[in-house]
Amino acid sequence: MRKNVVVIAAAGVLMLGLSAVAGAADPKGEFVGSEKCKACHSVEYKSWKDSWHSKMVQPKKTGILKEVVEKWATDGTEEGPTTGNVTKAKFKLEDVKYVVGSRWKQRFLVANDQTGGMQFLNRQYNRYTNKWEKYGNANDWSTNCGTCHTTGYRILEYDEKFGKHGRTVKDSYSEMGVGCESCHGPGNKHIKSKKADKKKTIFNPANTDIQAQSKVCGYCHIRIENEKFMTAQGNPREDLPAPKIGDSYKAGDDWTKWYPEQAIIPGVHADQPASKEYVGDLKGLFKLDDHAKANGIFEEAKHHQQYQGFLQSKHYLNGSISCITCHSPHAGKGKLQKVRKDACAKCHDASYTVEKYMPNTGQTAGNLFMRTHTFGKNPRKGGAGAGDMGPPNYYE
Ligand code: HEC
Ligand code: HEC
Ligand code: HEC
Ligand code: HEC
Ligand code: HEC
Ligand code: HEC
């Protein structure tokens, strides 16, 4: 409710201040974009291109699902998207500019003429059930999801005087989706350097200590609430922009130390344990039932919380394993990445299986769950998994 109230009160002011920054290049020239890496790293480029990271946010033309177009009016039961969540204006399929997601679910971006930014439509498409579901997020998308779904994100202008904690007025990013520089940091110096300096000028997660490796992935594979930086509509952001206006997160930065008084990062800060119930958007983040309490393991109840699950595991605590021990963002060699089949057998006996020890606990959409990364020794029974839904059927 609180969100709606803020939005209505804000509408007049937003018209004046905000300007659009869709796809604006990096004003500092640090981030060069994934296309620039292709010439010298064609193998890594190909494996990235085939991964979901590269497909996170796509222009409507290349990214919209075939079923979505076919069922736009209705899926037979539920009607499709009709209305912008912030402005409540009516929109048609032709008005969609970008799609967010294509593997488990898809959401739709249209213009917000009050701010010059983009807002979401009021339905998301669930690829597992093949049905429309309600979707209510009423914020300009880049100001709520930006650091995790774009590369080189930064806030350029912030109005401290707006509402309780201000609002994001102007922002930018170097590219849509999770590009090379999300995990390797800005590439400007690297592409210009002489051969002898190439290694020194770029970040490789494999070269950092084992717990810091997971932190590179944890920047996005996490759920937080940000009370330092608010969205364009003045609501708490769900991501972690760099503390200084104008700066952007660089892979390798220790984001867990950023504005600790105002960032709620359950399971990461000692005074914000996974065993606690949170409020607002963080409500129901972890399993807190008797099974969880008896084992002292609080499994992820939503998606993109793998880092918060993993921090509870012996794998992490013993410093024996990181995310990239099991997942290589480049392993596919031209195919969609899979965790190596021998991921457990390398270190455990055959009774240690993914099915048993990584039950599906984290819900991402109706009937759609993802595997826990807590690796508890007394795992619960999991819900239905997404399984392999097959490659997405793009319209074009
Ligand atoms: C002009 C060619 C060129 C371009 C363009 C280029 N690189 Fe490199 N890159 C190199 C060379 C050469 C090396 C060093 C290889 C070696 O010594 O093993 C390297 C090494 C790397 C490494 C490994 C570093 C390490 O310490 O292990 C990464 C990661 C990397 N590049 C990422 C990128 C990214 C991301 C981009 C785009 C922003 C990019 N490169 C663009 C030539 C290039
Ligand atoms: C999701 C994070 C992520 C993204 C996105 C990503 N990388 Fe990497 N990259 C890694 C990790 C982690 C490693 C360390 C080796 C491994 O685990 O595969 C790595 C290793 C590399 C290396 C060194 C390879 C070697 O054999 O030592 C190069 C070069 C590289 N990446 C280039 C790129 C380029 C170019 C892109 C974009 C086209 C890209 N990466 C996108 C995470 C990423
Ligand atoms: C900038 C944010 C960001 C970073 C950093 C990041 N991810 Fe992701 N990751 C995402 C998003 C967003 C998706 C969902 C993409 C989709 O489904 O369209 C995703 C999907 C995935 C997937 C499932 C899809 C696939 O292609 O296999 C795996 C596994 C994964 N990430 C592992 C990692 C690992 C390991 C790292 C660290 C080396 C990492 N990610 C770093 C944002 C990020
Ligand atoms: C803190 C980082 C973060 C924030 C903030 C975030 N996401 Fe994500 N999102 C992810 C990651 C990581 C995934 C991949 C799924 C996973 O890891 O469980 C994902 C997955 C998704 C997917 C499913 C992708 C697919 O291919 O099915 C959609 C859709 C999505 N996010 C939309 C949003 C929207 C809309 C917002 C803002 C309201 C948002 N996300 C905010 C990190 C984030
Ligand atoms: C011990 C090995 C291991 C480690 C460590 C690990 N994962 Fe996983 N992860 C898996 C397995 C196995 C799956 C299930 C893959 C499947 O069902 O196809 C998985 C699934 C995922 C998925 C869902 C994608 C999918 O294809 O269903 C994401 C996202 C992910 N992991 C991210 C991470 C991140 C981020 C970290 C570090 C915080 C991490 N993982 C650490 C083994 C691991
Ligand atoms: C690189 C080696 C390595 C890999 C790969 C690995 N593990 Fe582990 N695992 C360990 C170590 C080391 C421990 C900690 C043992 C200890 O301290 O008691 C551990 C602990 C565990 C535990 C906790 C046991 C307990 O007593 O709390 C579970 C469950 C587990 N692993 C499951 C898995 C599964 C499932 C996979 C595959 C997806 C996997 N592991 C992959 C090395 C590995």
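**Close-up 1. Strand S11 (residues 225-230) and S12 pair in the antiparallel sense over two bridges.** Here strands are DSSP runs of E with at least two residues, helices are runs of H or I with at least four residues, and both are numbered from the N terminus; two strands pair if DSSP finds at least two bridges between them. This is a predicted model, where local features need pLDDT of at least 70, side-chain atom pairs count only at pLDDT 80 or more, and totals for chains, interfaces and linings use all residues. Residues are numbered from 1 along each chain as its sequence is written, while chains are lettered from A and ligands numbered from 1 in the order in which they are written. Look for Asn 226, which sits opposite Arg 237 in S12.

**Close-up 2. Zooming out a bit, three strands make an open antiparallel sheet, in the order S12-S11-S13.** Strand S12 (236-237) and strand S13 (263-264) are at the edges with a single partner strand each, so one side of each has no neighbour in the sheet.

**Close-up 3. Ligand 2 has 19 residues around it.** The closest are Cys 37, Glu 44, Cys 180, Cys 183 and Ser 328 (a residue counts if its C-beta atom, placed from the backbone, lies within 6 Å). Helix H2 (42-49) and helix H6 (180-184) are the elements giving two or more residues to this shell, and H6 has the largest share, with four.

**Close-up 4. Ligand 3 is surrounded by 24 residues.** Trp 52, Ser 182, Cys 217, Cys 220 and His 327 are the closest. Two or more residues each come from helix H5 (142-149), H6, helix H8 (210-218) and helix H12 (323-326).
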